[in-house]
Amino acid sequence: MAISFELTDNSRIARDFYRKMAIEQMRPIARRYDVEEHTLPSEWVDYFWQHGRKGPPVDFAAPADGMVQVCIQVEELCWGDAALYLRMPTSALGGAAVGAAGTKEQKARFLKPFKGDGHPVWGAMAITEPGAGSDTAAIQATAELDGDEWVLNGTKIFCTNGEGASQVEGGFVVVWATIDKSAGRGGIKSFVVPAKTPGMKLVGLEKKRGIRASDTATLLFENCRIPADHLLGSAKVRKKDPSKTGDKGFKGAMATFDASRPIVAAMAIGIGRASLDLCRDELEKQGVSIRYDAARCDLTVIERDFIDLEAELQAARLLTWRAAWMMTHGKPNNLEASMSKAKAGLAVTKITQKVVELLGPVGYSQKLLAEKWMRDAKVNDIYEGTQQINQLIVARRVLDYSSSMLR
Amino acid sequence: MRPDLIEFEPTEEQQLIVDTVRQFAANEIRPQAHDAAEARKLPENLLAQAHELGLVALGLDEAHGGGGDRSAVTGALIAEELAYGDLAIALAILSPSLIGLPVTEFGTDPQKAEILPALLGPNFNAGSLALIEPDFRFDPFRPTTRATRDGGDYTLRGHKCFVPWLDSGDQVLVIAMEDDDPQAFLVPRKTQGLSATPERNLGLDALPTVELELDDVRVPASARLGGDAGCDVHSIIDRGRVALAATAVGVSRAAFEIARDYAKEREAFGAPIATKQAIAFKIADMAIEIDAARLLVWEAAWLLDSGAKATREAVLASRQAAQVARVVTDGAVQVLGGYGYIRDYLPEMLHRNACGFTTFETLTLI
């Protein structure tokens, strides 16, 4: 080992591959699907399914950056457009949950349509309810075993990809529900509900501030029946704090956050970089370039702000790569994943808002994408654990407090 | 070593150095930090002890007995650990490199032969750098101190401040404008025309520094660092910025740990204050910002080691680390409440020290 920030050739190939895709396929339609909310960006979906899905022409025998490469790819795609990235036909968080907590057989069965030659499919994860967001233990949706079937009842909101995953054959929604309300978190399990399962209804699509090309669904479960083996992990209810026991159900679901938070951080960083790149280009068009070697006292306010924003972005990126690198190497990264997400969410919120300010009237105008990116960016400080939830996780880790000691 | 991968772990050799310095910082430096500041005096025994560890020698010219490891990454790792003990003492311990490293990098053979043996000898021998000037418009690349060629000599004229001036040193490296180019000059401290006035500053009480008046100071042409070839002040400053940023991370980490431990011990309303989100979140933010700043420092140092120009990265790292140090140390003062304002508790001093990072700009420590 040695401290190094040199990307592998494979990471460069991947970066260039997705950057090209971002420039050619995403940027030209980014504004259109921001305006035409709830319209499926079918040219992008089809393009990704046919050409993007196979991935970059990397050399599998050569050294690879593992999860760092994934972060680089995500950053490039979200530099293109974060909403279109989210709308890509993939198993997304649903796939992550199956990957983390599913058996070999479950993985093979549920993920097969995503690898096949059929039509585009989506996966999704449904956790949030009208009365339960960050406090996942408060969810009210229930699952009851009836013979060899689970019966799901409840309402799920803010389900990213929920429309595609629930309506297009081959996809699935991973639904969190409790099998024993008295057990708190120990009773919460996750279930794979295939698209078009009777009793799962798409009842609404949110109108959002940003990431409008991404569908955010409300799903209603009314006596929705799924086979018993669609449960991820064990059906055993642990009365004790499940994060301390080996329950793969809750723990497995939580572990997906350690993987997904650096990815969300990388998404945020892509938007932040898009915003800074645009700002730099606009300034340069006006003959203003950022001087890094000028005395601090000689810098203009714009230069000072810009340099500070760049530092914030790079700080977030390095925290993110570190969390990803730890994952690749099998090191527990719960703390570092939350650090990266907390930093990236806040940094990019600040960066994109400041760029709107720096660009003045042009920044506020829809002629450029700066205002869109400002709207797109903010969600990164909210979903996959709000800023405050990630602070809470970091605080517990650095203070060595359990969740009951620091609530 | 596989340099073509992103990695976040020091080499085994570096880790050994880090462990040694961390122990020295915790066991030897930290316990003396408060008293040294109050007495405005460096603990001499500590400088000798540190000298024996060979931390400065590590980076100096091999031909003259140094370790020849010019890695900025290694330097950053050492600088963070020393400053984690105490900033003033760390800067004193590292002061020989203020002269030793630029001479190793750019010096002519006679300059190396003159300067390096003293720094590598059995006794601690301080170094000094005169870069900063007492003016809010100070630009490290365009100092107002001027060097004028006059026959076989140079005449130096100007005004410097924050110049480390330890008892043992006998040379100071002066950065001055020569025509349109900043250059460095080796000036014996006893040279005529050089007058030093001790300073008192907001912090760094234990580190003796002076304001330096250069009133037609004459030095031979051979005093110009690098001789006819001169030196690249930009490179000296880029490296110095990264080194200083590393010390800022060390100071931040010290403040963070004190705040964290205090918050877990101090009870209010029947429970440790760390169990309140208002305090816990502040501590979480400190941890995040410190790690982020460290990674920026590592990246800039790594880039320097790769031989690439690292001005942008050095600026980003030093700006960020300076701001983080100020915020984190102030946060520690706040977490300690009333005790944060009392000089018997370290955060008070740590915050005053940290406020200097935006001023010092650069110190060629690594």
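B:Ala321 touches B:Ala245, B:Ala248, B:Val249, B:Ala293, B:Leu296, B:Val297 and B:Phe357, leaving aside residues up to four places away in sequence. Two residues count as touching, or in contact, if their C-beta atoms, placed from the backbone, lie within 7 Å. The structure is a predicted model, in which local features need pLDDT of at least 70 and side-chain atom pairs count only at pLDDT 80 or more, while totals for chains, interfaces and linings use all residues. Residues are numbered from 1 along each chain as its sequence is written, and chains are lettered from A and ligands numbered from 1 in the order in which they are written.

**Cores**

B:Ala321 is also one of the residues with the most contacts inside the largest nonpolar core, together with B:Phe185, B:Val242, B:Ile283, B:Leu296, B:Val297. That core has 214 residues, and H8(B) gives the most to it, with 19 residues. Apart from it lies another core, of 43 residues, including A:Ile127, A:Ala143, A:Leu152 and A:Leu232. A nonpolar core here is a set of buried Ala, Val, Leu, Ile, Met, Phe, Trp, Tyr and Cys residues joined through C-beta atoms within 7 Å. A residue is buried if 20 or more other C-beta atoms lie within 10 Å of its own, exposed if 12 or fewer, and partly exposed in between, with C-beta atoms placed from the backbone. In soluble globular proteins, nonpolar side chains tend to be buried together.

**Contact between the chains**

Chain B puts 43 residues into the contact and chain A puts in 37 residues. On the side of chain B that touches chain A, the elements giving two or more residues are strand S1 (6-7), helix H7 (233-265), helix H8 (277-305) and helix H9 (311-335) of chain B. H8(B) supplies the largest share of that side, 15 residues. By residue type, the side of chain B that touches chain A divides into 26 nonpolar, 4 polar and 13 charged. In this division Ala, Val, Leu, Ile, Met, Phe, Trp, Tyr, Cys and Pro count as nonpolar, Asp, Glu, Lys and Arg as charged, and the others, Gly among them, as polar.

Helices (H or I, at least four residues) and strands (E, at least two) are DSSP runs, numbered from the N terminus. Strand S1 (residues 4-5) of chain A pairs with S1(B) in the antiparallel sense over 2 bridges, and A:Phe5 stands opposite B:Ile6. Strands are taken as paired if DSSP finds at least two bridges between them.

**Strand S5 in each chain**

In chain A, 7 of the 7 residues of strand S5 (residues 172-178) are buried, so the strand is largely enclosed by the rest of the structure. Both faces of S5(A) are covered, with A:Phe172, A:Val174, A:Trp176 and A:Thr178 on one side and A:Val173, A:Val175 and A:Ala177 on the other. In chain B, strand S5 (residues 171-178) is mostly covered, with 6 of its 8 residues buried. The pairings of these strands are listed below.

| Strand | Partner | Sense | Bridges | Residues opposite |
|---|---|---|---|---|
| S5(A) | S2(A), residues 123-126 | parallel | 4 | A:Phe172 and A:Gly123 |
| S5(B) | S6(B), residues 181-188 | antiparallel | 8 | B:Val172 and B:Val187 |

The hairpin of S5(B) and S6(B) has 2 residues between the strands, and B:Asp179 takes a positive phi near 55° in it.

**Chains as a whole**

Chain B has 11 helices and 10 strands. The radius of gyration of chain B is 20 Å, close to the 21 Å that the globule rule gives for 366 residues, so chain B is as compact as a globular protein of that length. The radius is taken over C-alpha atoms, and the globule rule is 2.2 Å times the number of residues to the power 0.38. Of the 366 residues of chain B, 58% are buried.

Chain A has 12 helices and 9 strands. Its radius of gyration is 22 Å, close to the 22 Å from the globule rule for 407 residues, so chain A is as compact as a globular protein of that length. Buried residues make up 53% of the 407 residues in chain A.

**Confidence**

The model scores ipTM 0.93 and pTM 0.94. The mean pLDDT of chain B is 94, and 97% of its residues reach 70 or more; pLDDT is the predictor's confidence in each residue, from 0 to 100.
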